[in-house]
Amino acid sequence: MDSQKCQRCGKAEAKIHVTEISPEGEKTQIHLCDACYNNNKESEVPSEFSLQELLSGIGKKEDVPDVTCPSCGMTLKKFINTERLGCANDYDLFKENIESRLEHFHDALQHVGRAPKGGTQMAERSAYLRSLRYQLNAAIAEEAFEHAARLRDEIKVLEEDNNSEEDNNDA
Amino acid sequence: MTLDDISSRPAAWQKVGEHNTEVVVSTRARLARNLAAYPFKPRMSAQDREQVVGLLKDVLHETKVITEGFYVDMLEVDAISRKLMMERHLISHELAEAVGQRGVMVQDDEQVSVMINEEDHVRMQAVASGFAFDTAFDLVEQCDTALSNKLDYAFHPKYGYLTTCTSNAGTGLRASAMLHLPALAITNELEQVFKTISRLNLAVRGFYGEGSAPLGHYYQISNHVTLGKSEREIIDNISAVVAEIAKSEKRARHTLLTKDLTRLSDRIFRAKGLLTSSRILTSEEATVLLSMLRLGVNLDIVKDIDLAKINELVLFSQPAHLQKREKCEIPANERDMLRSEYIRTALGN
């Protein structure tokens with residue numbers, strides 16, 4: 001039997017097949033992958049079964065308010081679905097989810113080992129650069145070209161500062 | 001040096017002689033890094049990807065991390081070339097099949113390579129033949145230090161080097177070894193070995209890494225944990241485990257030699273027979289047969305073939321290598337005939 005693709009995202013294999021029967025007795029079948037089914041569930045009218053599930057704790061499937069990163073646009077929901085992060089800032093923004101994963105996978109939360117030289121000032125500047133880039137991409141997409149040009153200039157200045165600092169470090 | 005130049009010579013990790021390569025075929029160390037000033041791969045725009053590629057190429061040249069090497073742009077090479085690089089363990093499946101600006105800088109001798117815009121911005125790796133974790137790690141550490149002098153990495157005082165996937169955060173170090181374990185397979189001890197490996201927080205995969213099946217009794221063992229242990233601890237841990245497994249394999253080989261020589265020889269010479277006489281060989285079958293032949297050579301049961309030749313056969317009979325030789329795309333069934341012809345000729349038939 002050929003594996004069917006999810007009707008929602010069209011990418012993953014459809015593992016869950018939901019049959020809905022209308023009051024008139026008409027049947028419709030929907031084929032979804034795990035991720036899309038879980039997303040779908042949230043928006044459904046609660047029935048006695050989901051109340052049951054909530055009581056037994058299955059609702060711990062991270063029904064949290066969504067959070068969006070100002071530096072890259074990644075949302076908590078998207079991260080949970082894809083297990084991939086959008087930028088360095090996400091590690092702090094999604095701290096709870098991140099730490100539970102780190103603990104589960106590595107059984108540790110504190111890095112031990114090599115570290116690059118350079119302090120938090122560089123890190124803060126880089127975070128700012130990232131958010132500028134994100135805003136630049138958004139401005140281009142909205143065709144706000146004047147705004148985009150100003151952002152580009154600001155990015156350029158910051159990058160030049162970075163470069164001259166690194167050259168000074170080398171000397 | 002270009003991709004075409006290297007496609008007809010043995011890979012870096014196939015050099016025989018320096019370290020014993022009978023059980024531990026090769027060792028690899030890989031470091032994953034992201035640049036602080038750009039979003040991670042999932043949120044990169046096309047322009048971001050282009051800039052990161054440009055930046056890294058410049059810095060790699062400037063720092064002479066790779067003194068003599070060549071860059072391969074994944075957007076400019078065909079599918080066969082990408083597969084060829086995968087067969088030579090220079091790039092991952094992810095880099096080959098992803099979209100957008102990405103590539104790999106390869107040192108001429110293929111010992112060091114740096115992937116750009118794979119799952120993370122930078123994935124540098126060093127490969128050494130045989131059991132040589134320190135060699136591989138030293139090389140990749142040098143690369144990392146040189147790059148960090150010029151680039152600002154995404155780093156967190158608590159979580160370490162920040163990666164797209166939390167499974168790589170911390171040291172970003174994946175140390176792995178490719179082991180050939182035919183005797184343990186024959187004596188049915190492999191299950192036990194793998195149970196031990198996973199209890200020790202190590203991962204086992206087939207010949208081509210993530211998602212591949214074990215062919216020819218080649219297994220890739222790597223560390224699972226990257227956070228909370230130093231690079232030194234990770235290397236020492238996996239070294240110790242690999243050494244133990246290699247000992248077990250050697251012991252199993254000795255057992256087969258002393259207790260079951262006839263049956264063992266039979267298996268080996270049947271494999272040799274098929275390799276020297278078949279007219280059609282799929283790559284799966286060739287891998288399995290060559291694995292037996294390799295065992296025969298290691299145990300001195302097969303005396304007229306050397307290890308270097310086996311390594312050559314294993315590599316050059318792979319699908320992309322065969323097609324590169326013929327300089328054109330060839331359908332699978334024709335490849336299978338070509339493969340058998342190549343192997344027959346190479347073995348003197």
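Q: How many salt bridges does the rule find across the interface of chain B and chain A?
A: In this predicted model, the rule finds four salt bridges across the interface of chain B and chain A. One pairing of side chains joins B:D144 to A:R114, with 2.9 Å from N to O.

Q: Which elements of chain B supply at least two residues each to the side that touches chain A?
A: For chain B they are α2 (46-62), α5 (133-148), β6 (155-156), β7 (160-161) and α8 (231-259). Of the side of chain B that touches chain A, the largest share comes from α5(B), which gives four residues. Sorted by class, that side holds 18 nonpolar, 19 polar and twelve charged residues.

Q: How many residues are in contact between the two chains, B and A?
A: In chain B, 49 residues are in contact with 40 residues of chain A. The two chains bury about 3800 Å² between them, and 52% of this lies on carbon and sulfur atoms. Within chain B, the residues that lose the most area to chain A are B:R43, B:Y159 and B:T166, which together account for 18% of what that side buries.

Q: Where in chain A is the place of A:D107, and is the residue buried or exposed?
A: A:D107, which has a positive phi of about 60° although it is not a glycine, sits in the loop between α5 (95-106) and α6 (120-141) of chain A. Its relative accessible area is 69%, so A:D107 is exposed.

Q: What is the relative accessibility of B:H89?
A: B:H89 also is not a glycine, yet has a positive phi of about 60°, and its place is in the loop between α3 (79-87) and α4 (93-97) of chain B. B:H89 counts as buried because its relative accessibility is 17%, where buried means under 20%.

Methods: Residues are numbered from 1 along each chain as its sequence is written. Chains are lettered from A and ligands numbered from 1 in the order in which they are written. This is a predicted model: local features need pLDDT of at least 70, side-chain atom pairs count only at pLDDT 80 or more; totals for chains, interfaces and linings use all residues. Side-chain values use heavy atoms; hydrogens and water are left out. Contact means heavy atoms within 4.5 Å. Buried area is the accessible area (1.4 Å probe) that two parts lose on being put together, summed over both. Ala, Val, Leu, Ile, Met, Phe, Trp, Tyr, Cys and Pro count as nonpolar, Asp, Glu, Lys and Arg as charged, and the others, Gly among them, as polar. Buried means under 20% relative accessible area, exposed over 50%, partly exposed in between (1.4 Å probe, protein chains only).
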